[in-house]
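Have the structure open while you read.

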Amino acid sequence: MTPLEIIELLKKHDADSVVVAVADGPYPHVVITAEKLVKVADFLKTEPRLRFDLLRCISAVDWPAKNSIELAYDLISTSLGHAFAFKVLLDRADPQVESVGGVWPAAQWHEREAFDLMGVTFLHHPDLRRILMPEDWPGHPLRKDYQDVAEYRGLKFKP
Amino acid sequence: MKEIELHSQPDLLHDGEVPSDIRTEEIMLNMGPQHPSTHGVLRVVLQTDGELVLKATPYIGYLHRCAEKIAEKVTYRQFTPYTDRLDYLSAMNNNLGYALAVEKLGGIEVPPRADYLRVIFAELNRIASHLVAIGSYGLDMGAYTPLVYSFREREWIMDLFEAACGARLTCSYITIGGIREDVPEGWVQQCREFLDYFESKIADYNNLLSYNHIFVNRTANVGICPADLAVAYGLTGPCLRGSGVAWDLRKATPYCRYNEFDFDIPVGQGANGTLGDCWDRYFVRVLEMVQSVRIIRQALDKLTEGPVQTKVPRIMKLPAGVVYYEVENPRGQLGFHLVSDGGTSPYRLKIRGPSFCNLSVLPVLAPNCLLADIAALIGSIDVVMGEVDR
(Lines give C-alpha, C1' and ligand atoms only; values in the text may rest on other atoms or scores of the structure.)
Protein backbone atom coordinates (compact mmCIF):
# COMPACT_ATOMS: atom_id res chain seq x y z
CA MET A 1 0.00 0.00 0.00
CA THR A 2 1.11 3.56 -0.61
CA PRO A 3 1.57 5.89 2.38
CA LEU A 4 -1.59 7.77 1.37
CA GLU A 5 -3.70 4.60 1.50
CA ILE A 6 -2.19 3.63 4.87
CA ILE A 7 -3.02 7.08 6.28
CA GLU A 8 -6.60 6.85 4.98
CA LEU A 9 -6.99 3.41 6.53
CA LEU A 10 -5.68 4.72 9.86
CA LYS A 11 -8.03 7.71 9.78
CA LYS A 12 -10.97 5.47 8.96
CA HIS A 13 -10.08 3.23 11.88
CA ASP A 14 -9.64 5.99 14.46
CA ALA A 15 -9.67 9.56 13.22
CA ASP A 16 -8.98 11.04 16.66
CA SER A 17 -5.63 9.31 17.03
CA VAL A 18 -4.02 10.97 13.99
CA VAL A 19 -2.75 14.48 14.70
CA VAL A 20 -0.60 15.16 11.62
CA ALA A 21 -0.29 13.09 8.44
CA VAL A 22 2.57 13.45 5.94
CA ALA A 23 1.99 11.34 2.83
CA ASP A 24 4.83 12.46 0.55
CA GLY A 25 8.49 13.48 0.80
CA PRO A 26 11.37 11.31 1.94
CA TYR A 27 9.68 10.31 5.21
CA PRO A 28 5.94 9.58 5.03
CA HIS A 29 4.53 9.24 8.54
CA VAL A 30 1.74 10.17 10.92
CA VAL A 31 1.95 11.84 14.32
CA ILE A 32 -0.40 10.15 16.75
CA THR A 33 -1.57 11.01 20.24
CA ALA A 34 0.47 9.32 22.97
CA GLU A 35 -2.68 8.02 24.70
CA LYS A 36 -3.67 5.94 21.68
CA LEU A 37 -0.14 4.60 21.04
CA VAL A 38 -0.67 0.95 21.93
CA LYS A 39 -4.06 0.77 20.19
CA VAL A 40 -2.67 2.22 16.96
CA ALA A 41 0.40 -0.01 17.18
CA ASP A 42 -1.79 -3.06 17.60
CA PHE A 43 -3.94 -2.03 14.64
CA LEU A 44 -0.88 -1.51 12.43
CA LYS A 45 0.39 -4.97 13.30
CA THR A 46 -2.82 -7.00 13.13
CA GLU A 47 -4.83 -5.33 10.33
CA PRO A 48 -4.65 -7.81 7.40
CA ARG A 49 -4.09 -5.07 4.82
CA LEU A 50 -1.16 -3.57 6.79
CA ARG A 51 0.57 -6.35 8.75
CA PHE A 52 3.55 -4.30 9.98
CA ASP A 53 5.23 -7.20 11.74
CA LEU A 54 8.83 -5.91 11.87
CA LEU A 55 9.61 -2.95 14.12
CA ARG A 56 12.84 -1.65 12.66
CA CYS A 57 13.78 1.13 15.02
CA ILE A 58 12.60 3.53 17.69
CA SER A 59 14.42 6.85 17.49
CA ALA A 60 14.14 9.52 20.15
CA VAL A 61 14.79 13.12 19.13
CA ASP A 62 15.11 16.00 21.57
CA TRP A 63 13.54 19.34 20.56
CA PRO A 64 14.20 21.89 23.34
CA ALA A 65 12.78 24.70 21.15
CA LYS A 66 9.43 22.90 20.88
CA ASN A 67 9.73 21.68 24.50
CA SER A 68 9.12 18.11 23.38
CA ILE A 69 10.78 14.77 22.89
CA GLU A 70 9.77 12.96 19.76
CA LEU A 71 9.71 9.19 19.37
CA ALA A 72 9.73 7.85 15.82
CA TYR A 73 8.72 4.23 15.22
CA ASP A 74 9.88 2.83 11.87
CA LEU A 75 8.00 -0.19 10.56
CA ILE A 76 8.14 -2.55 7.62
CA SER A 77 6.00 -5.52 6.65
CA THR A 78 7.91 -8.69 5.76
CA SER A 79 4.81 -10.21 4.15
CA LEU A 80 3.51 -7.20 2.17
CA GLY A 81 6.79 -5.31 1.67
CA HIS A 82 5.55 -1.78 2.45
CA ALA A 83 7.09 0.55 5.02
CA PHE A 84 5.68 3.28 7.21
CA ALA A 85 6.47 5.27 10.34
CA PHE A 86 4.64 7.03 13.12
CA LYS A 87 5.69 9.50 15.77
CA VAL A 88 4.52 10.52 19.19
CA LEU A 89 5.39 13.82 20.87
CA LEU A 90 6.06 13.81 24.60
CA ASP A 91 6.42 16.55 27.19
CA ARG A 92 10.11 17.29 27.59
CA ALA A 93 9.91 17.89 31.35
CA ASP A 94 8.35 14.50 32.08
CA PRO A 95 8.43 12.22 29.03
CA GLN A 96 6.26 9.19 29.70
CA VAL A 97 4.63 6.81 27.28
CA GLU A 98 3.26 3.27 27.21
CA SER A 99 5.65 0.54 26.07
CA VAL A 100 4.85 -1.20 22.79
CA GLY A 101 6.88 -4.25 23.85
CA GLY A 102 3.64 -6.22 24.06
CA VAL A 103 2.98 -5.60 20.37
CA TRP A 104 6.54 -5.90 19.08
CA PRO A 105 8.98 -7.54 21.56
CA ALA A 106 11.78 -5.96 19.50
CA ALA A 107 10.78 -2.63 21.07
CA GLN A 108 12.12 -3.61 24.49
CA TRP A 109 15.78 -2.93 23.82
CA HIS A 110 15.07 0.18 21.73
CA GLU A 111 12.96 1.54 24.58
CA ARG A 112 15.71 0.80 27.06
CA GLU A 113 18.07 2.78 24.84
CA ALA A 114 15.66 5.74 24.66
CA PHE A 115 15.31 5.57 28.45
CA ASP A 116 19.08 5.45 28.90
CA LEU A 117 20.19 8.14 26.47
CA MET A 118 17.13 10.40 26.29
CA GLY A 119 15.38 9.84 29.63
CA VAL A 120 12.02 8.67 28.32
CA THR A 121 10.06 6.51 30.80
CA PHE A 122 8.16 3.61 29.25
CA LEU A 123 5.21 2.47 31.35
CA HIS A 124 4.64 -1.27 31.77
CA HIS A 125 8.05 -2.13 30.33
CA PRO A 126 9.15 -5.50 31.79
CA ASP A 127 12.78 -4.55 32.36
CA LEU A 128 13.43 -0.82 32.10
CA ARG A 129 17.12 -0.37 32.91
CA ARG A 130 19.98 1.55 31.38
CA ILE A 131 21.46 -0.42 28.48
CA LEU A 132 24.58 1.33 27.16
CA MET A 133 25.65 3.62 30.02
CA PRO A 134 26.59 2.43 33.53
CA GLU A 135 23.69 2.07 35.97
CA ASP A 136 24.77 5.04 38.10
CA TRP A 137 25.60 7.45 35.26
CA PRO A 138 24.20 10.93 35.84
CA GLY A 139 21.88 12.40 33.19
CA HIS A 140 20.86 11.40 29.70
CA PRO A 141 23.67 12.06 27.20
CA LEU A 142 21.67 12.58 24.00
CA ARG A 143 19.62 15.44 25.44
CA LYS A 144 20.62 18.66 23.73
CA ASP A 145 21.27 20.42 27.06
CA TYR A 146 23.38 17.58 28.50
CA GLN A 147 26.39 18.78 30.45
CA ASP A 148 29.54 16.67 30.24
CA VAL A 149 30.36 14.93 33.49
CA ALA A 150 33.52 16.24 35.18
CA GLU A 151 34.09 13.23 37.39
CA TYR A 152 32.81 9.68 37.55
CA ARG A 153 33.90 7.23 40.27
CA GLY A 154 37.20 8.99 40.83
CA LEU A 155 37.94 9.44 37.12
CA LYS A 156 38.39 13.08 36.17
CA PHE A 157 37.58 14.22 32.62
CA LYS A 158 39.06 17.28 30.97
CA PRO A 159 36.44 19.50 29.32
CA MET B 1 9.52 -31.28 40.66
CA LYS B 2 9.94 -29.42 37.41
CA GLU B 3 10.50 -31.64 34.40
CA ILE B 4 13.76 -30.70 32.75
CA GLU B 5 13.44 -30.16 29.02
CA LEU B 6 16.59 -30.83 27.10
CA HIS B 7 15.63 -30.06 23.55
CA SER B 8 19.24 -29.64 22.52
CA GLN B 9 20.35 -33.18 23.38
CA PRO B 10 17.28 -35.32 23.96
CA ASP B 11 19.08 -38.59 24.54
CA LEU B 12 21.36 -37.25 27.26
CA LEU B 13 19.03 -38.41 30.02
CA HIS B 14 18.78 -42.16 29.80
CA ASP B 15 15.82 -43.67 31.54
CA GLY B 16 16.84 -45.45 34.71
CA GLU B 17 20.42 -44.18 34.70
CA VAL B 18 19.99 -40.52 35.67
CA PRO B 19 16.77 -39.52 37.37
CA SER B 20 15.17 -36.69 35.46
CA ASP B 21 14.05 -34.84 38.57
CA ILE B 22 17.53 -34.38 40.00
CA ARG B 23 18.22 -30.79 41.09
CA THR B 24 21.54 -29.21 41.86
CA GLU B 25 22.28 -25.86 43.40
CA GLU B 26 21.67 -22.97 41.03
CA ILE B 27 24.72 -20.84 40.43
CA MET B 28 25.30 -17.55 38.67
CA LEU B 29 28.02 -17.70 36.08
CA ASN B 30 29.58 -14.62 34.57
CA MET B 31 30.63 -15.02 30.93
CA GLY B 32 32.64 -12.15 29.51
CA PRO B 33 33.20 -9.29 28.84
CA GLN B 34 36.58 -10.86 28.07
CA HIS B 35 35.81 -14.31 26.76
CA PRO B 36 37.00 -15.94 23.52
CA SER B 37 33.55 -17.04 22.36
CA THR B 38 31.62 -13.82 23.00
CA HIS B 39 33.16 -12.18 19.89
CA GLY B 40 34.18 -8.95 21.57
CA VAL B 41 33.17 -7.35 24.82
CA LEU B 42 29.78 -8.95 25.36
CA ARG B 43 28.98 -9.97 28.92
CA VAL B 44 26.31 -12.57 29.62
CA VAL B 45 25.27 -13.47 33.15
CA LEU B 46 24.03 -17.05 33.19
CA GLN B 47 21.91 -18.68 35.84
CA THR B 48 22.70 -22.37 35.68
CA ASP B 49 21.44 -25.57 37.21
CA GLY B 50 24.31 -27.95 36.66
CA GLU B 51 24.97 -27.95 32.92
CA LEU B 52 21.60 -26.45 32.13
CA VAL B 53 21.12 -22.74 31.52
CA LEU B 54 17.98 -21.37 33.17
CA LYS B 55 18.38 -17.71 32.34
CA ALA B 56 20.79 -15.58 30.33
CA THR B 57 21.02 -11.81 30.71
CA PRO B 58 23.24 -9.92 28.26
CA TYR B 59 25.00 -6.76 29.44
CA ILE B 60 26.23 -4.48 26.69
CA GLY B 61 27.80 -1.05 26.46
CA TYR B 62 31.46 -1.92 27.03
CA LEU B 63 32.32 -0.59 23.57
CA HIS B 64 30.04 2.46 23.66
CA ARG B 65 31.88 5.26 21.88
CA CYS B 66 29.06 7.80 21.60
CA ALA B 67 28.87 7.63 17.79
CA GLU B 68 25.40 9.21 17.78
CA LYS B 69 26.52 12.14 19.96
CA ILE B 70 29.65 12.65 17.84
CA ALA B 71 27.45 12.82 14.72
CA GLU B 72 25.80 15.95 16.10
CA LYS B 73 29.19 17.69 16.38
CA VAL B 74 30.79 16.90 12.99
CA THR B 75 29.83 17.74 9.41
CA TYR B 76 28.03 15.23 7.22
CA ARG B 77 31.16 14.21 5.35
CA GLN B 78 33.27 14.02 8.50
CA PHE B 79 31.00 11.33 9.90
CA THR B 80 31.80 8.76 7.18
CA PRO B 81 34.98 7.47 8.96
CA TYR B 82 32.93 6.90 12.13
CA THR B 83 30.61 4.57 10.22
CA ASP B 84 33.63 2.35 9.45
CA ARG B 85 33.85 1.63 13.14
CA LEU B 86 30.26 0.53 13.69
CA ASP B 87 30.40 -2.99 12.30
CA TYR B 88 34.14 -3.01 11.80
CA LEU B 89 34.03 -6.18 9.70
CA SER B 90 31.84 -4.62 7.01
CA ALA B 91 32.99 -1.01 6.70
CA MET B 92 31.97 -0.71 3.03
CA ASN B 93 28.36 -1.64 3.79
CA ASN B 94 28.22 0.87 6.64
CA ASN B 95 29.64 3.63 4.43
CA LEU B 96 27.03 2.75 1.82
CA GLY B 97 24.11 2.91 4.24
CA TYR B 98 25.15 6.30 5.61
CA ALA B 99 25.86 7.74 2.15
CA LEU B 100 22.46 6.59 0.84
CA ALA B 101 20.65 8.13 3.83
CA VAL B 102 22.32 11.51 3.30
CA GLU B 103 21.82 11.32 -0.47
CA LYS B 104 18.13 10.59 -0.07
CA LEU B 105 17.57 13.59 2.19
CA GLY B 106 19.72 15.83 0.02
CA GLY B 107 18.34 14.56 -3.29
CA ILE B 108 21.84 13.74 -4.57
CA GLU B 109 22.15 11.58 -7.68
CA VAL B 110 25.06 9.18 -8.10
CA PRO B 111 26.70 8.33 -11.47
CA PRO B 112 26.04 4.77 -12.77
CA ARG B 113 29.67 3.64 -12.52
CA ALA B 114 29.73 4.59 -8.85
CA ASP B 115 26.53 2.60 -8.28
CA TYR B 116 28.02 -0.57 -9.77
CA LEU B 117 31.30 -0.12 -7.91
CA ARG B 118 29.34 0.36 -4.69
CA VAL B 119 27.57 -2.94 -5.30
CA ILE B 120 30.86 -4.70 -6.06
CA PHE B 121 32.53 -3.43 -2.89
CA ALA B 122 29.49 -4.05 -0.72
CA GLU B 123 29.28 -7.66 -1.91
CA LEU B 124 33.04 -8.22 -1.59
CA ASN B 125 32.74 -6.98 1.99
CA ARG B 126 29.79 -9.30 2.55
CA ILE B 127 31.96 -12.25 1.52
CA ALA B 128 34.82 -11.06 3.75
CA SER B 129 32.48 -10.60 6.69
CA HIS B 130 30.82 -13.99 6.26
CA LEU B 131 34.26 -15.60 5.99
CA VAL B 132 35.14 -14.23 9.42
CA ALA B 133 31.77 -15.35 10.78
CA ILE B 134 32.17 -18.87 9.42
CA GLY B 135 35.82 -19.26 10.38
CA SER B 136 35.39 -17.96 13.91
CA TYR B 137 32.23 -20.03 14.36
CA GLY B 138 34.27 -23.13 13.55
CA LEU B 139 36.81 -21.95 16.11
CA ASP B 140 34.05 -21.59 18.72
CA MET B 141 33.03 -25.18 18.01
CA GLY B 142 36.57 -26.47 18.39
CA ALA B 143 37.61 -26.58 14.73
CA TYR B 144 40.71 -24.49 14.20
CA THR B 145 41.48 -25.32 10.55
CA PRO B 146 38.49 -23.61 8.81
CA LEU B 147 39.56 -20.29 10.36
CA VAL B 148 42.92 -20.47 8.64
CA TYR B 149 41.31 -21.31 5.30
CA SER B 150 38.70 -18.57 5.51
CA PHE B 151 41.26 -15.95 6.51
CA ARG B 152 43.41 -16.96 3.54
CA GLU B 153 40.57 -16.07 1.16
CA ARG B 154 39.63 -12.97 3.12
CA GLU B 155 43.20 -11.73 2.80
CA TRP B 156 42.75 -11.51 -0.98
CA ILE B 157 39.65 -9.34 -0.52
CA MET B 158 41.59 -7.13 1.89
CA ASP B 159 44.29 -6.78 -0.79
CA LEU B 160 41.63 -5.73 -3.30
CA PHE B 161 40.36 -3.11 -0.83
CA GLU B 162 43.88 -1.91 -0.16
CA ALA B 163 44.53 -1.53 -3.87
CA ALA B 164 41.38 0.55 -4.30
CA CYS B 165 41.44 2.77 -1.23
CA GLY B 166 44.61 2.11 0.77
CA ALA B 167 42.83 0.71 3.81
CA ARG B 168 41.83 -2.80 4.77
CA LEU B 169 39.21 -2.36 7.48
CA THR B 170 38.50 1.34 7.91
CA CYS B 171 37.87 2.01 4.25
CA SER B 172 35.74 5.21 4.12
CA TYR B 173 35.71 4.46 0.39
CA ILE B 174 32.01 4.87 -0.35
CA THR B 175 31.37 8.54 0.35
CA ILE B 176 28.45 10.91 -0.06
CA GLY B 177 27.95 11.45 -3.79
CA GLY B 178 29.69 8.33 -5.05
CA ILE B 179 32.97 6.71 -4.21
CA ARG B 180 36.20 8.44 -3.25
CA GLU B 181 38.21 7.60 -6.34
CA ASP B 182 38.09 5.17 -9.23
CA VAL B 183 39.66 1.72 -8.94
CA PRO B 184 43.26 1.45 -10.23
CA GLU B 185 44.14 -0.02 -13.59
CA GLY B 186 43.91 -3.81 -13.69
CA TRP B 187 41.74 -3.98 -10.57
CA VAL B 188 38.73 -5.42 -12.41
CA GLN B 189 40.86 -8.27 -13.75
CA GLN B 190 42.22 -8.99 -10.26
CA CYS B 191 38.69 -9.08 -8.93
CA ARG B 192 37.64 -11.58 -11.61
CA GLU B 193 40.63 -13.78 -10.75
CA PHE B 194 39.62 -13.71 -7.11
CA LEU B 195 36.04 -14.74 -7.93
CA ASP B 196 37.21 -17.71 -10.02
CA TYR B 197 39.54 -18.79 -7.24
CA PHE B 198 37.05 -18.22 -4.44
CA GLU B 199 34.16 -20.07 -6.07
CA SER B 200 36.24 -23.25 -6.17
CA LYS B 201 37.02 -22.96 -2.46
CA ILE B 202 33.46 -22.99 -1.15
CA ALA B 203 33.31 -26.78 -1.48
CA ASP B 204 36.31 -26.90 0.88
CA TYR B 205 34.40 -25.08 3.62
CA ASN B 206 31.49 -27.46 3.24
CA ASN B 207 33.73 -30.50 3.46
CA LEU B 208 35.77 -29.09 6.34
CA LEU B 209 33.00 -27.60 8.41
CA SER B 210 29.41 -27.51 7.12
CA TYR B 211 28.98 -31.29 6.84
CA ASN B 212 31.53 -32.18 9.50
CA HIS B 213 29.89 -34.71 11.82
CA ILE B 214 31.09 -33.10 15.04
CA PHE B 215 30.16 -29.60 13.88
CA VAL B 216 26.66 -30.70 12.84
CA ASN B 217 26.14 -32.41 16.19
CA ARG B 218 27.18 -29.26 18.02
CA THR B 219 24.95 -26.89 16.03
CA ALA B 220 21.92 -28.76 14.68
CA ASN B 221 18.80 -28.63 16.90
CA VAL B 222 20.48 -26.03 19.13
CA GLY B 223 19.03 -22.55 19.73
CA ILE B 224 15.95 -23.02 17.59
CA CYS B 225 14.37 -19.71 16.58
CA PRO B 226 10.97 -20.08 14.89
CA ALA B 227 10.08 -17.61 12.13
CA ASP B 228 7.43 -15.72 14.11
CA LEU B 229 9.80 -15.24 17.06
CA ALA B 230 12.54 -14.01 14.72
CA VAL B 231 10.25 -11.38 13.16
CA ALA B 232 8.80 -10.32 16.52
CA TYR B 233 12.27 -9.62 17.93
CA GLY B 234 13.31 -7.68 14.86
CA LEU B 235 15.91 -10.17 13.68
CA THR B 236 17.21 -9.48 10.19
CA GLY B 237 19.86 -10.80 7.87
CA PRO B 238 21.08 -14.42 8.07
CA CYS B 239 19.43 -14.81 11.51
CA LEU B 240 15.99 -14.14 10.01
CA ARG B 241 16.61 -16.07 6.81
CA GLY B 242 17.98 -18.98 8.82
CA SER B 243 14.46 -19.26 10.30
CA GLY B 244 13.05 -19.72 6.80
CA VAL B 245 11.83 -16.17 6.08
CA ALA B 246 12.86 -15.10 2.57
CA TRP B 247 13.31 -11.42 3.44
CA ASP B 248 16.14 -9.41 1.96
CA LEU B 249 16.12 -5.64 1.46
CA ARG B 250 18.13 -6.02 -1.73
CA LYS B 251 15.04 -7.66 -3.20
CA ALA B 252 12.27 -6.00 -1.17
CA THR B 253 13.31 -2.35 -1.56
CA PRO B 254 16.23 -2.41 -4.01
CA TYR B 255 18.85 0.34 -3.74
CA CYS B 256 21.99 0.95 -5.86
CA ARG B 257 20.46 -0.86 -8.88
CA TYR B 258 20.23 -4.20 -7.06
CA ASN B 259 17.05 -4.75 -9.08
CA GLU B 260 19.19 -5.20 -12.21
CA PHE B 261 20.91 -8.29 -10.84
CA ASP B 262 19.76 -11.86 -10.85
CA PHE B 263 20.27 -13.61 -7.50
CA ASP B 264 18.40 -15.79 -5.02
CA ILE B 265 17.66 -15.38 -1.32
CA PRO B 266 18.98 -18.49 0.50
CA VAL B 267 16.85 -19.52 3.46
CA GLY B 268 17.19 -22.14 6.17
CA GLN B 269 15.63 -25.50 5.38
CA GLY B 270 16.15 -27.40 8.61
CA ALA B 271 18.33 -29.77 6.57
CA ASN B 272 20.22 -31.20 9.54
CA GLY B 273 17.72 -30.77 12.32
CA THR B 274 14.99 -28.25 13.01
CA LEU B 275 14.27 -25.15 10.97
CA GLY B 276 15.87 -22.10 12.57
CA ASP B 277 18.64 -23.87 14.49
CA CYS B 278 22.25 -22.72 14.69
CA TRP B 279 23.28 -24.84 11.73
CA ASP B 280 20.66 -23.20 9.51
CA ARG B 281 21.84 -19.72 10.46
CA TYR B 282 25.42 -20.79 9.75
CA PHE B 283 24.66 -22.40 6.41
CA VAL B 284 22.67 -19.42 5.09
CA ARG B 285 25.94 -17.46 5.28
CA VAL B 286 27.75 -20.02 3.15
CA LEU B 287 24.99 -19.90 0.54
CA GLU B 288 24.93 -16.09 0.59
CA MET B 289 28.60 -15.98 -0.36
CA VAL B 290 27.75 -17.91 -3.55
CA GLN B 291 25.02 -15.38 -4.36
CA SER B 292 27.41 -12.49 -3.70
CA VAL B 293 29.83 -13.95 -6.25
CA ARG B 294 26.95 -14.05 -8.77
CA ILE B 295 26.08 -10.40 -8.12
CA ILE B 296 29.71 -9.22 -8.39
CA ARG B 297 30.17 -11.00 -11.73
CA GLN B 298 27.07 -9.30 -13.16
CA ALA B 299 28.12 -5.91 -11.79
CA LEU B 300 31.62 -6.28 -13.29
CA ASP B 301 30.01 -7.01 -16.67
CA LYS B 302 27.80 -3.93 -16.45
CA LEU B 303 30.59 -1.64 -15.28
CA THR B 304 30.66 1.33 -17.69
CA GLU B 305 33.23 4.07 -18.01
CA GLY B 306 32.40 7.42 -16.52
CA PRO B 307 32.72 9.60 -13.45
CA VAL B 308 32.48 8.01 -9.98
CA GLN B 309 31.64 11.05 -7.89
CA THR B 310 28.98 13.75 -7.98
CA LYS B 311 30.32 17.12 -6.91
CA VAL B 312 29.37 17.65 -3.28
CA PRO B 313 30.58 20.65 -1.26
CA ARG B 314 33.02 19.87 1.52
CA ILE B 315 30.77 21.47 4.14
CA MET B 316 27.34 20.54 2.85
CA LYS B 317 23.94 21.59 4.11
CA LEU B 318 20.89 19.36 3.88
CA PRO B 319 17.32 20.66 3.75
CA ALA B 320 15.49 20.41 7.07
CA GLY B 321 13.68 17.10 7.31
CA VAL B 322 13.78 13.48 8.35
CA VAL B 323 14.75 10.30 6.56
CA TYR B 324 15.04 6.69 7.61
CA TYR B 325 17.19 4.57 5.32
CA GLU B 326 18.10 0.91 5.65
CA VAL B 327 20.49 -1.29 3.73
CA GLU B 328 21.09 -5.02 3.89
CA ASN B 329 24.36 -5.49 5.74
CA PRO B 330 26.06 -8.88 6.20
CA ARG B 331 24.48 -9.09 9.67
CA GLY B 332 21.07 -7.66 8.80
CA GLN B 333 19.43 -4.33 8.21
CA LEU B 334 21.54 -1.32 9.12
CA GLY B 335 19.33 1.73 9.49
CA PHE B 336 20.06 5.44 9.79
CA HIS B 337 17.38 7.75 11.17
CA LEU B 338 18.70 11.12 10.08
CA VAL B 339 17.15 14.38 11.24
CA SER B 340 18.36 17.63 9.71
CA ASP B 341 17.54 21.15 10.83
CA GLY B 342 19.14 22.70 7.75
CA GLY B 343 22.56 23.06 9.37
CA THR B 344 25.95 21.67 8.45
CA SER B 345 25.82 18.66 10.79
CA PRO B 346 23.05 16.17 11.58
CA TYR B 347 20.57 17.38 14.21
CA ARG B 348 20.15 13.78 15.31
CA LEU B 349 21.45 10.51 13.85
CA LYS B 350 20.06 7.33 15.30
CA ILE B 351 21.80 4.19 14.11
CA ARG B 352 19.96 0.88 14.07
CA GLY B 353 22.67 -1.76 14.29
CA PRO B 354 21.46 -5.17 13.12
CA SER B 355 23.54 -6.96 15.78
CA PHE B 356 21.81 -4.90 18.49
CA CYS B 357 18.39 -6.26 17.49
CA ASN B 358 19.67 -9.77 16.75
CA LEU B 359 21.25 -9.99 20.19
CA SER B 360 17.99 -9.05 21.93
CA VAL B 361 16.61 -12.53 21.20
CA LEU B 362 19.40 -14.22 23.21
CA PRO B 363 17.50 -14.21 26.56
CA VAL B 364 14.61 -15.98 24.81
CA LEU B 365 16.68 -18.66 23.08
CA ALA B 366 19.16 -19.43 25.85
CA PRO B 367 16.92 -21.02 28.54
CA ASN B 368 17.05 -24.84 28.48
CA CYS B 369 20.25 -24.85 26.44
CA LEU B 370 23.31 -26.62 27.76
CA LEU B 371 26.11 -24.40 28.99
CA ALA B 372 28.39 -25.38 26.11
CA ASP B 373 25.63 -24.52 23.63
CA ILE B 374 25.71 -20.85 24.65
CA ALA B 375 28.91 -20.48 22.61
CA ALA B 376 27.13 -22.13 19.66
CA LEU B 377 24.18 -19.79 20.05
CA ILE B 378 26.15 -16.54 20.33
CA GLY B 379 28.40 -17.57 17.45
CA SER B 380 25.44 -18.33 15.19
CA ILE B 381 23.86 -14.93 15.88
CA ASP B 382 27.25 -13.48 14.86
CA VAL B 383 27.29 -10.22 16.79
CA VAL B 384 29.83 -7.47 16.28
CA MET B 385 29.96 -5.41 19.44
CA GLY B 386 31.04 -2.30 17.55
CA GLU B 387 27.53 -1.83 16.23
CA VAL B 388 25.73 -3.21 19.29
CA ASP B 389 27.27 -0.51 21.46
CA ARG B 390 28.02 2.13 18.78
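**Rings and charges at a glance**

K144(A) sits over the face of Y347(B), 4.0 Å from the ring centre. Keep in mind that this is a predicted model. Over all chains, the count of aromatic pairs comes to 23. One of them is F194(B) with F198(B), a stacked pair with 5.5 Å centre to centre and 20° between the planes.

**The F194(B)–F198(B) pair**

- Both residues belong to helix α6 of chain B (residues 187-210), and because they are four residues apart there, about one helical turn separates F194(B) from F198(B).
- F194(B) is buried, with a relative accessible area of 0%.
- F198(B) counts as buried too, at 0% relative accessibility.

**The W279(B)–F283(B) pair**

- The ring centres of W279(B) and F283(B) are 4.7 Å apart and their planes meet at 15°, so this pair is stacked; the cut-off for stacking is under 30 degrees.
- W279(B) and F283(B) are four residues apart in helix α11 of chain B (residues 278-302), so they are separated by about one helical turn.
- W279(B) and F283(B) are both buried.

**A cluster and another charge over a ring**

- Y116(B), Y255(B), Y258(B), F261(B) and F263(B) make up one aromatic cluster.
- Y116(B), part of that cluster, has R257(B) over its face, at 5.6 Å from the ring centre.

Key
Residues numbered from 1 in each chain as written. Chains lettered and ligands numbered in written order. Predicted model: local features only at pLDDT ≥ 70, side-chain atom pairs only at ≥ 80, totals over all residues. Heavy atoms only, no water. Phe/Tyr/Trp six-rings, centres within 6.5 Å; stacked < 30°, edge-to-face > 60°. Helix = DSSP H or I, 4+ residues; strand = E, 2+ residues; numbered from the N terminus. Buried < 20%, exposed > 50% of the residue type's maximum accessible area, 1.4 Å probe, protein only. Lys NZ or Arg CZ within 6 Å of the ring centre and 35° of its normal.
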